[in-house]
Amino acid sequence: MTPAFTLESLNSLDGLTAKLGIKITEISPERVTGTMPVVGNEQPFGLLHGGASASLAETLGSVHAGVLAQPGKVAVGTELSCTHHRSARSGEVTAVSTAAHVGRSSATFEIVVSDDRGKRICTARLSCAFIPDRAAEAG
């Protein structure tokens, strides 16, 4: 795992991840987990916004792809699909990313988002391509 993928470094980033309150709680080649509060991430009817669940899923899957990228490569997302099974109105949701396929040029991850009771609220699939790291080549 590269130093860029530590819990401390990922949880101190600005941007959308911070705005949504996403916290990465575990990073390994086998799985990446994280949490996000429901409050502040609702749609107008008081339910967890599907876009927030999608952002949580893409964040975890992207970190997972980055962990698995070979030296000199970076991961870029190519497709995200989400099935929303139910919603949440309060508490925190937890997501777990596991690899469905990891190859030399691409990877696909399943990310399951669950509520405080352990009920699945969203199943997402993220595909990523591994491309040359142009920053490393220039450096």
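**Close-up views of strand pairing in a predicted model**

**View 1. Strand β2 pairs with strand β4.** β2 and strand β4 (residues 92-102) run antiparallel and share seven bridges; two strands count as paired if DSSP finds at least two bridges between them. Strands are DSSP runs of E with at least two residues, numbered from the N terminus. Val32 has Ser97 in β4 as its bridge partner. The model is predicted, so local features are given at pLDDT of at least 70 and side-chain atom pairs at pLDDT 80 or more, while totals for chains, interfaces and linings use all residues. Residue numbers start from 1 along each chain as its sequence is written, and side-chain values use heavy atoms, without hydrogens and water.

**View 2. Strand β2 and the hairpin with β1.** Strand β1 (residues 23-27) is the antiparallel partner of β2 over four bridges, and three residues link the two strands in a hairpin. Lys23 lies opposite Thr35 in β2. Of the seven residues of β2 (residues 31-37), five are buried, so the strand is largely enclosed by the rest of the structure. Buried means under 20% relative accessible area, exposed over 50% and partly exposed in between, with a 1.4 Å probe and protein chains only.

**View 3. The β5-β6 hairpin.** Strand β5 (residues 106-114) pairs with β6 in the antiparallel sense through nine bridges. Ala107 has Cys128 in β6 as its bridge partner. Five residues separate the two strands of this hairpin, and Gly118 in the turn has a positive phi of about 85°.

**View 4. Strand β6 against strand β3.** Strand β6 (residues 120-132) also pairs with strand β3 (residues 73-84), antiparallel, over 11 bridges. Ser127 in β6 stands opposite Glu79.
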